[in-house]
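These are my notebook entries on a single chain. I set down what I looked up, entry by entry.

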Amino acid sequence: MFPKEKFLVPRPLKTRSEFSVAWFYPNTYTVGMAGLGYQLVFRLLDSDEDIEVLRGFTDMEEPGIGGASIFGFTFSWELDYANIVSILRKHDIPVSAKDRDESHPLIFGGGPVLTANPEPFADIFDIVLLGDAEIAVPSFLSAYREAKKFSTRREQLLNLANADGIYIPQFYDVEYQDNERQGDGPIQSITPGVSGVPATPRKKVFAPPPDYVAHSIVLSPETAWGNMFLVEVVRSCPQECRFCLASFLTRPFRATNVDALIEAIELGLKHTNKIGLLGPSVTEHPKFDEIARRLRGREDLSLSIASVRADTLTDEILSTLVSLGQKSVTIAIESGSERLRSIMKKNLTEQEIVQAVSMVEAAGLESIKFYGIAGLPHETQEDLDETVRLLTQLKKKHKRLRFVFGISSFVPKAQTPFQWNGRDKDCGKKLEYVRKHLSKIGIDVRPESHNWSDIQALLSRGDRRLHPILKAVEENSGNLGAWKKAIKEARKNTIAMPDVRDFYIFRDIPKEETLPWSHLQDAEKTLYLGKHNEAAAALSLS
């Protein structure tokens with residue numbers, strides 16, 4: 001069915017099927033099968049001998065998928081939601097959970113978008129899986145085996161509601177305060193609407209056994225990375241930069257066992273020479289030097305690594321990367337301002353950045369890509385000037401290196417210390433300022449669309465009142481124009497709707513306000529994030 005696929009681990013022989021799961025990635029096959037998260041959940045589902053698993057994408061799907069008992073979606077990018085709605089419509093499944101009956105499959109979703117804040121999408125999903133897939137997926141399958149013994153949809157969902165890592169949105173009532181109109185203010189409360197449902201759904205952390213490694217199980221040249229075998233080196237990040245979802249959503253930091261990692265790479269090398277090491281910052285692995293030594297000199301290996309931290313690079317690591325075919329490295333500096341990096345807790349000095357770039361050039365790499373963010377909380381014009389100054393200084397000193405600067409604008413993410421901070425309305429001007437000054441000295445500046453970042457912020461901090469907007473956007477092609485039209489008309493068409501742009505995107509939220517995801521984040525974590533936010537504000541005044 002799918003083009004030129006090669007399975008790297010044996011699939012269980014399935015002589016019967018207790019029930020079937022349609023497992024969707026809400027984008028094309030090329031994009032979906034390139035994602036390690038999608039493959040990981042596919043493996044967790046498919047390893048059960050009694051479950052038939054059928055894969056689906058926006059451009060292709062396995063025969064018979066429409067008859068599955070359960071439809072599941074991985075959700076790693078907010079703007080993919082329109083594709084989820086389109087897939088449901090294609091299979092004649094009502095978009096709203098409240099409109100489904102016993103003739104329709106249960107609809108579940110998981111991934112970072114839903115774990116952080118599922119509320120804008122609460123009307124779409126019957127079930128949301130929270131946290132690490134290795135905990136949530138087996139918990140769901142076990143609970144569903146019991147739940148499916150009940151005849152009604154409601155009874156099945158009630159039976160699922162107390163399992164670890166499972167959230168049933170329709171069983172929670174949200175009350176809103178009145179501002180200018182009835183129900184157009186902040187959230188008043190979020191409480192269980194039925195008895196027996198936990199006030200805070202339980203989310204457990206996966207503690208991997210020593211031999212556990214998350215890695216590709218399917219290779220295909222038709223995916224975005226080609227026949228690249230992906231392996232997770234670290235999960236989360238110990239630095240805890242205050243804007244970063246990867247740091248705070250997947251805590252605690254976990255590093256893959258080195259022997260198990262090398263064994264997984266050896267498996268991959270039986271089928272391809274292209275190996276990709278994944279993690280928010282792979283060189284944060286406490287034994288990355290050992291990993292580099294054990295891979296060094298492998299003529300059968302072409303290595304690709306995700307972003308690295310400047311202060312973790314060594315001559316040995318860089319020489320190993322060069323010997324394994326790496327031509328470029330990516331370093332996230334976020335800002336050239338020492339002051340702003342301190343406020344966001346980047347834990348990276350200018351001297352460490354300067355030294356890293358010198359080492360990259362000395363090692364013989366051809367290019368270096370930096371990531372930056374404009375419009376961070378507490379940013380000033382002087383901070384932007386510092387970014388221009390630092391990169392200009394580095395480019396003039398290292399003329400041989402090709403410099404690429406990917407710069408986005410700050411998007412507040414739920415369940416991070418900057419969740420209370422709104423977006424900067426001048427982000428577009430700030431991105432252009434940086435682009436204008438750095439492009440003229442030969443740096444390839446690649447700014448992200450600040451308009452689409454506005455939409456990401458809306459979905460990141462939104463609540464259930466956004467459902468009419470999401471529905472209208474999907475019905476009108478899902479492009480930026482459709483978003484602008486839907487946002488403009490939302491308050492006119494819906495009584496209990498605040499001013500969308502100011503309320504969700506740009507507003508600084510008071511600490512005492514109930515957040516849309518408050519019932520999914522325990523009080524201890526909220527306090528922890530609040531202390532981080534206050535520390536950042538204090539540093540901005542010093």
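In which loop is Pro 252 found? I located Pro 252 in the loop between α7 (245-249) and β13 (254-255). Helices (H or I, at least four residues) and strands (E, at least two) are DSSP runs, numbered from the N terminus.

Basis of the entries. I worked from a predicted model, in which local features need pLDDT of at least 70 and side-chain atom pairs count only at pLDDT 80 or more, while totals for chains, interfaces and linings use all residues. Residues are numbered from 1 along each chain as its sequence is written, and side-chain values use heavy atoms, with hydrogens and water left out.

Entry: backbone geometry. I looked up the peptide bond from Arg 251 to Pro 252 and found it cis, with omega near 0°. Most residues other than glycine have a negative phi, and most peptide bonds are trans. I then noted His 378, where phi is near 75°, a positive value in a residue other than glycine. His 378 is in the loop between β17 (367-374) and α13 (381-397). It is partly exposed, with a relative accessible area of 27%; buried means under 20% relative accessible area, exposed over 50%, and partly exposed in between (1.4 Å probe, protein chains only). Ser 477 also has a positive phi, near 85°. I placed Ser 477 in the loop between α16 (467-475) and α17 (480-493), and its relative accessible area of 57% makes it exposed.

Entry: Ser 151. I found Ser 151 in the loop between α5 (133-147) and α6 (153-160). Is Ser 151 buried or exposed? At 61% relative accessibility, Ser 151 counts as exposed.

Entry: the open sheet. I traced an open sheet of 6 strands in the order β3-β2-β4-β5-β6-β7, with mixed pairing; two strands pair if DSSP finds at least two bridges between them. β3 (51-56) and β7 (166-167) stand at the edges with a single partner strand each, so one side of each is left without a neighbour in the sheet. α2 packs on the sheet and touches β2 (19-24), β3 and β4 (70-74), contact being heavy atoms within 4.5 Å. The direction of α2 makes about 155° with that of β3; axes are lines fitted to C-alpha atoms, for helices over the stretch in contact, and angles run from 0 to 180 degrees between N-to-C directions. Within the sheet, β5 (residues 106-110) and β6 (residues 127-129) run parallel and are joined by 2 bridges. Gly 109 stands opposite Val 128 in β6.

Entry: β17 and β18. I found 8 bridges joining β17 to β18, and the two strands run parallel. One of the pairs I checked sets Gly 372 against Ile 407 in β18. In β18 (residues 402-409), 7 of the 8 residues are buried, so this strand is largely enclosed by the rest of the structure.

Entry: the second largest pocket. I noted a volume of about 320 Å³ for the second largest pocket. Of the 14 residues that line it, the closest to its centre are Arg 43, Asp 211, Val 213, His 215 and Leu 267. On a 1 Å grid over the protein atoms alone, a pocket is an open set of points with protein on both sides within 12 Å along at least five of seven lines, a cavity is a set of points where a 1.4 Å probe fits but cannot get out, and lining residues have an atom within 4 Å of a point. Grid points are joined across faces, edges and corners, and a volume is the space filled by probe spheres set on the points. Which helix gives the most to the lining of this pocket? α8 does, with 5 residues; α2 (36-46) and α8 (258-269) each supply at least two. The lining divides into 8 nonpolar, 1 polar and 5 charged residues. Ala, Val, Leu, Ile, Met, Phe, Trp, Tyr, Cys and Pro count as nonpolar, Asp, Glu, Lys and Arg as charged, and the others, Gly among them, as polar.

Entry: cavities. I found 4 cavities of 30 Å³ or more in the whole structure. The largest cavity holds about 70 Å³ of space, and its lining includes Arg 461, Asp 463, Arg 465 and Glu 513.
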